[in-house]
Amino acid sequence: MTAENLSFDSRAVHAGRGDLAGLGLHVPPIDLSTTYPLPTVDEGGAAYELLSGGGVPEPGQTAVYQRLWSPGVARFEEALAGLEGAESAVAFASGMAALTATLLSRVAAGRPHVVAVRPLYGGSDHILATGLLGTRVTWATADGVADAIEEDTGLVVVESPANPTLDLVDLRALCAQAGEVPVLVDNTFATPVLQRPLELGASIVLHSVTKFLAGHGDVLGGAVACSEEMARQIRPVRAITGAVMHPLSGYLSHRGLQTLPVRVRAQQDTAQVVANWLADRDDLERVHYPGVEGADPAGLVGTQMSGPGAVLSVDLGSFERAARVAEGVRMIVHAVSLGGVDTLLQHPAAVTHRPVTDDAKPGQGILRISIGLESPEDIIADLEQALAR
Ligand SMILES: *Cc1c(COP(=O)(O)O)cnc(C)c1O
């Protein structure tokens with residue numbers, strides 16, 4: 001039985017581990033080597049050329065140097081590619097490093113124009129808005145993508161659910177508009193458990209592995225999943241710019257995938273309970289969550305995305321009230337990031353979306369809550385006492 005024939009949940013547990021029994025191991029070895037012995041000068045040179053050009057080593061071929069290749073990180077990449085339904089995945093030191101390498105690969109291909117749909121993650125918005133990497137951006141609405149495409153457009157960038165409003169974009173319709181231009185979908189919030197953008201017509205899936213995939217708040221990582229042809233354009237950028245994933249992070253991320261389906265579903269169940277409780281209160285402006293009434297007008301939950309996810313936002317009406325609640329929680333941690341086993345809450349306008357221009361900044365009263373694995377009763381009790389302050 002090969003990993004490809006297994007169900008999604010079984011693949012999450014077994015992918016990237018097919019050779020372990022033959023090695024006499026139960027879990028992947030952690031190889032911290034920064035350099036690898038070269039059998040001969042010729043073999044070393046050939047491997048260097050292959051890897052720096054974006055290729056992958058043959059079994060038994062030297063990996064030369066960790067910045068070119070790391071076997072443990074490659075196990076995680078194989079497993080993630082399988083879950084996203086991609087030929088390949090390329091892992092990085094962070095989600096922003098993954099986006100950076102992807103953008104640079106488009107610039108290197110002579111297609112520096114990017115069409116981007118707001119809202120995006122604050123850092124992604126900032127890197128595109130500043131043009132720091134030599135890209136040129138046109139901001140488009142989801143249904144204005146076709147009109148925004150130019151001759152040298154190399155990428156369309158979109159996030160669904162979006163951060164922090166949890167708005168859903170119809171990805172099938174958007175990919176159809178993009179035509180031949182590759183669409184990159186930031187799938188950090190949904191994870192492949194709930195949404196697989198490549199099946200909807202996208203070409204590249206981006207992850208901040210830091211969030212749900214690794215899932216425990218102890219790994220900084222990023223990845224893209226795409227065709228092997230595209231991966232061959234992105235790996236040389238990783239090799240030369242050096243934003244590689246550390247082997248220990250590769251190990252932890254690979255382990256994180258094993259529990260990803262159960263974590264995401266359990267956290268999602270609790271998020272729905274908390275969202276319903278918030279939506280029933282009359283002292284809040286609005287609950288942003290695709291699972292509450294009116295928040296998914298296009299009916300994308302159940303078609304594009306199998307469930308509403310484990311992140312929600314609540315609009316408390318004012319900056320001051322949002323700040324008071326953020327500072328008033330006890331069990332819930334007031335911290336940025338999301339997707340871990342513990343519930344985190346933060347104020348995007350004040351913190352993560354600080355670099356975003358005013359016209360694209362989220363509402364001043366919005367708090368984003370990433371629901372963890374605690375009991376819904378404890379999360380609700382904590383929010384209730386913080387809201388009463
Ligand atoms: C966190 C995040 C990123 C950036 O990832 P890092 O690992 O922090 O570099 C990108 N997109 C989304 C949606 C995120 O939540």
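A salt bridge is taken here to be a side-chain nitrogen of Lys or Arg within 4 Å of a carboxyl oxygen of Asp or Glu. The structure examined is a predicted model, and by this rule the count comes to 12 salt bridges. One of them joins glutamate 77 to arginine 238, with the closest N and O atoms 2.8 Å apart. Glutamate 77 belongs to helix 3 and arginine 238 to helix 9 (residues 228-241), so this pair ties together parts that are 161 residues apart in sequence. Another salt bridge is formed by the side chains of aspartate 9 and arginine 265, at 2.9 Å from N to O.

The arrangement of the chain as a whole may be considered next. The domain assignment divides the chain into domain 1, covering 3-257, and domain 2, covering 259-388. To the contact between them, domain 1 contributes 38 residues and domain 2 contributes 39 residues. The C-alpha centres of domain 1 and domain 2 are 27 Å apart. Between them the two domains bury about 3,100 Å², and 64% of this area lies on carbon and sulfur atoms. The rule finds one salt bridge across the interface of domain 1 and domain 2.

Helix 10 (residues 247-279) and helix 12 (residues 376-387) have axes that come within 10 Å and cross at roughly 35°. This crossing of helix 10 and helix 12 is right-handed. On the side of helix 10, the residues in contact are Thr270, Val273, Val274, Trp277 and Leu278. Helix 12 meets them with Pro376, Ile379, Ile380, Leu383, Glu384 and Leu387. Of the residues in this contact of helix 10 with helix 12, nine are nonpolar, one is polar and one is charged.

In the loop between helix 2 (41-52) and helix 3 (71-84) lies valine 64. The phi angle of valine 64 is near 65°, which is a positive value in a residue other than glycine.

Cis peptide bonds are found at two prolines named here. The bond from arginine 118 to proline 119 is cis, with omega near 0°. Proline 119 is placed in the loop between strand 2 (113-117) and helix 5 (122-130). The peptide bond from serine 160 to proline 161 is likewise cis, with omega near -5°. Proline 161 sits in the loop that runs between strand 4 (153-159) and helix 7 (171-178).

Terms used
Residues are numbered from 1 along each chain as its sequence is written. This is a predicted model: local features need pLDDT of at least 70, side-chain atom pairs count only at pLDDT 80 or more; totals for chains, interfaces and linings use all residues. Side-chain values use heavy atoms; hydrogens and water are left out. Axes are lines fitted to C-alpha atoms, for helices over the stretch in contact, and angles run from 0 to 180 degrees between N-to-C directions. Helices (H or I, at least four residues) and strands (E, at least two) are DSSP runs, numbered from the N terminus. A crossing is left-handed if the near helix is turned anticlockwise from the far one by less than a right angle, and right-handed if clockwise. Contact means heavy atoms within 4.5 Å. Ala, Val, Leu, Ile, Met, Phe, Trp, Tyr, Cys and Pro count as nonpolar, Asp, Glu, Lys and Arg as charged, and the others, Gly among them, as polar. Domain bounds come from an automatic or database domain assignment. Buried area is the accessible area (1.4 Å probe) that two parts lose on being put together, summed over both.
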